[in-house]
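Subject: Structure for your review

Dear colleague,

Please find the structure below, handed over for your use. My findings follow after it.

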Amino acid sequence: MSLAVKRAAGSSALRRISDLLYRRPNLYLLMLLIPPLLWLGAIYLGSLLNLLWQGFYTFDDFTMAVTPELTLGNFAALFNPANFDIILRTLCMALAVSLASAVLAFPIAYYMARYTSGRTKAFFYIAVMMPMWASYIVKTYAWTLLLAKGGVAQWFIQQLHLEALLQVVLQIPGVGGSTLSTSHLGRFLVFVYIWLPFMILPIQAALERLPPSLLQASADLGATPGQTLLQVILPLSIPGIAAGSIFTFSLTLGDFIVPQLVGPPGYFIGSMVYAQQGAIGNMPMAAAFTLVPIMLIAVYLSIVKRLGAFDAL
Amino acid sequence: MPPAVQFTQVSRTFGEVKAVDQISIDIEDGEFFSMLGPSGSGKTTCLRLIAGFEQPSSGSIRIHGSEAAGLPPYQRDVNTVFQDYALFPHMNVRDNVAYGLKVKGVAKAERHARAAEALAMVALDGYGERKPAQLSGGQRQRVALARALVNRPRVLLLDEPLGALDLKLREQMQGELKKLQRQLGITFIFVTHDQTEALSMSDRVAVFNRGRIEQVDSPRNLYMQPATTFVAEFVGTSNVVRGELAQQLSGSAAPFSIRPEHIRLDGQPASGEVQVGGVLHDIQYQGSATRLEVRLDSGQLLAVSQANDRWQAQAQPWQTGQRVQASWPREAMTVLRETQP
């Protein structure tokens, strides 16, 4: 009886395909992977390489025309003082934002991972992620109002009688500006605000995986809470900090909206690419600039790897 | 000389649950003391109270005569071997072992020397450079032991340290732990739910049940003279006889215990022996002994163990349904106190 059923099913085409796929797992894997590989390979990587390739084309300043004559001039132009300044400014901001995000995110992530459960944990997840549901441009505009002269930030500083301190800070070159909303400091604040969730969540995930017995073992062996933090908790949360900083670093490097809306005039890499390919129409130079964040992130990743951040993964 | 650890009327409650309920014990200096009980009986909470991971809700805990309640773990002269070993995954074996010395500010040369010494003690010389992930379960367990012992604690706490090992390795480690304890002469407090482990290693055993201690005694007394029905049933296998049958067999209504290996199924009762009739219900051959279950005429089941040391036993095997007379000497019966549910 059961044999007859088996034979009948075995003759169907569907069963034969199943049998074939079962016998050849590689074929099965290939069929699963073809759609995403096509997307990632042809459409995503292909167009990226195509864009980068255009960085070798020549742009004529007079006719504003792009000709497919290959040149290294665009990449050399990246090292002009004006362009190099843009790269340096963006890089410093990305590093500062990553550092500040990590410092701010760690206590929140630690609290979420070690002290919350059930409803409180859900509340924290929502509180951390809710800002990401709102439009990024709206949030940035909202910050221009918050930081503007007569805005909430300044009112608050007045209430604390710290206007003098603010003036001193705003006069520091490289940090300040004429007002909070047109200063580097203001731009930095907005970046940290916008990318902070991307830092909190990976650190929280790393801390969540930390077995409580490790912390008890550390205390048991005579380590004070401070020593446990430095010797056990921080080293084991470095993969999370590294993952978060990859987000904050690369997102800051590529951003072109915040630099336009908040802070002093002057391009960032992202806004430079935007200007070059949009208003100016210099696609080759835009392509050359696109290479910069890619290279910087590659260097950043190799440094992070060398620091051993991925060893504990 | 004050006891190594002294509990006086210690309780620890978690909300409504009394994990530890009014416990008083004295653990002597240099003894191998086991805390035995089923899960949730409060034995691990007691260990954590000594280590300082928990603070008592009431009562006093003294470690070598000084009050420990309120002291954080890092100010106590005790060290713990954790059930999951809790080795630091980002440090190699040597740094794991030397951790306790490092946080106390011992110079690098000395702490490396002492770590090597501790690793030699657990037969792991030359493993210092490895990461915990590269070790087997048994090796990790030895590292955890070395890491605790390197601090030369006066009391070592072991939280079911052998639970994750397979049987052969567990038996080997039991012997080694006992040897180490004798050699170092420090107090070992060993938490386990495995009664054979507790019996074979300990000088004294405390049997825990529902946050209370049922009995503290030497392994021999615990087995031969259980004080309560819980101890009789938890430590080894025992027949606990209650009520009318107890009245009939022992002359008193108090429950009593009779061990399966103290019951004979063959032959006539000698003078001063108790005898009761029944039918063989189940037979399990276990190599050195045969486990038999007898359904008594009163309906109760009686577990009996017969050593397989006689050729006769093999020539004339037991058969289920066979009528038997079970007999045992009067002095083999131990009168028990009923454990309150």
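What percentage of the 341 residues of chain B count as buried? The figure is 39%. Please bear in mind that this is a predicted model, and that every value in this message is computed from it.

Chain B as a whole

Chain B contains 10 helices and 17 strands. Its C-alpha trace spans about 75 × 45 × 35 Å along the principal axes. Among the contacts in chain B with a separation of 6 or more, 62% are between residues 24 or more positions apart. The domain assignment divides chain B into domain 1, residues 5-227, and domain 2, residues 239-335. Taken over C-alpha atoms, the centres of these two domains of chain B are separated by 40 Å.

Gln22(B) has a phi near 55°, which is a positive value in a residue other than glycine. Gln22(B) is placed in strand E2 of chain B, residues 17-27. Because 15 C-beta neighbours lie inside 10 Å, Gln22(B) counts as partly exposed. Ala86(B) also carries a positive phi in a residue other than glycine, here near 50°. This alanine, Ala86(B), sits in the loop between strand E6 (78-81) and helix H2 (93-103) of chain B. Is Ala86(B) buried or exposed? With 25 C-beta neighbours inside 10 Å, Ala86(B) counts as buried; the cut-off for that class is 20 or more.

The contact between the chains

How many residues does each chain bring to the contact? Chain A supplies 16 residues and chain B supplies 19 residues. On the side of chain A that touches chain B, the elements that give two or more residues are helix H11 (212-220) and helix H12 (225-254) of chain A. H11(A) gives the most to that side, with 6 residues. Sorted by class, the side of chain A that touches chain B has 10 nonpolar, 5 polar and 1 charged residues.

Domains of chain A

For chain A, the domain assignment gives domain 1 as residues 2-54 and domain 2 as residues 73-306. The centres of domain 1 and domain 2 of chain A, taken over C-alpha atoms, are separated by 41 Å.

Leu291(A) is found in helix H15 of chain A, residues 283-306. Which residues does Leu291(A) contact, leaving aside its neighbours within four places in sequence? They are Leu52(A) and Gly55(A). Since Leu291(A) has 15 C-beta neighbours inside 10 Å, this leucine counts as partly exposed. Met130(A) is 161 residues from Leu291(A) along the chain, and the C-alpha atoms of the two are separated by 33 Å.

Two packed helices are described by the angle between their axes and the distance between the axes. Two pairs in chain A are set out here in those terms.

Helix H7 (residues 136-147) and helix H10 (residues 184-208) of chain A pack at an angle of about 140°, and their axes are 11 Å apart. H7(A) and H10(A) are therefore oblique to each other, and H7(A) passes H10(A) in a right-handed crossing. From H7(A), the residues that meet H10(A) are Tyr136(A), Lys139(A), Thr140(A), Trp143(A) and Leu147(A). Their counterparts in H10(A) are Gly186(A), Val190(A), Tyr193(A) and Ile194(A). By class, this contact of H7(A) with H10(A) has 6 nonpolar, 2 polar and 1 charged residues.

The second pair is H10(A) with H12(A). The axes of H10(A) and H12(A) come within 7 Å and cross at roughly 155°. Angles over 145 degrees count as roughly antiparallel, so H10(A) is roughly antiparallel to H12(A). The crossing of H10(A) and H12(A) is right-handed. Residues of H10(A) in this contact include Phe191(A), Trp195(A), Phe198(A) and Met199(A). On the H12(A) side, the residues include Pro239(A), Gly240(A), Ile241(A), Phe247(A) and Leu251(A). In total, the contact of H10(A) with H12(A) divides into 14 nonpolar, 6 polar and no charged residues.

With kind regards

Notes: Residues numbered from 1 in each chain as written. Chains lettered and ligands numbered in written order. Predicted model: local features only at pLDDT ≥ 70, side-chain atom pairs only at ≥ 80, totals over all residues. Contact = placed C-beta atoms within 7 Å. Helix = DSSP H or I, 4+ residues; strand = E, 2+ residues; numbered from the N terminus. Nonpolar A, V, L, I, M, F, W, Y, C, P; charged D, E, K, R; others polar. Domains from an automatic or database assignment. Axes fitted to C-alpha atoms, helices over the stretch in contact; angles between N-to-C directions. Parallel < 35°, antiparallel > 145°, perpendicular 65-115°, else oblique. Left-handed = near helix turned anticlockwise from the far one by under 90°. Buried ≥ 20, exposed ≤ 12 C-beta atoms within 10 Å, placed from the backbone.
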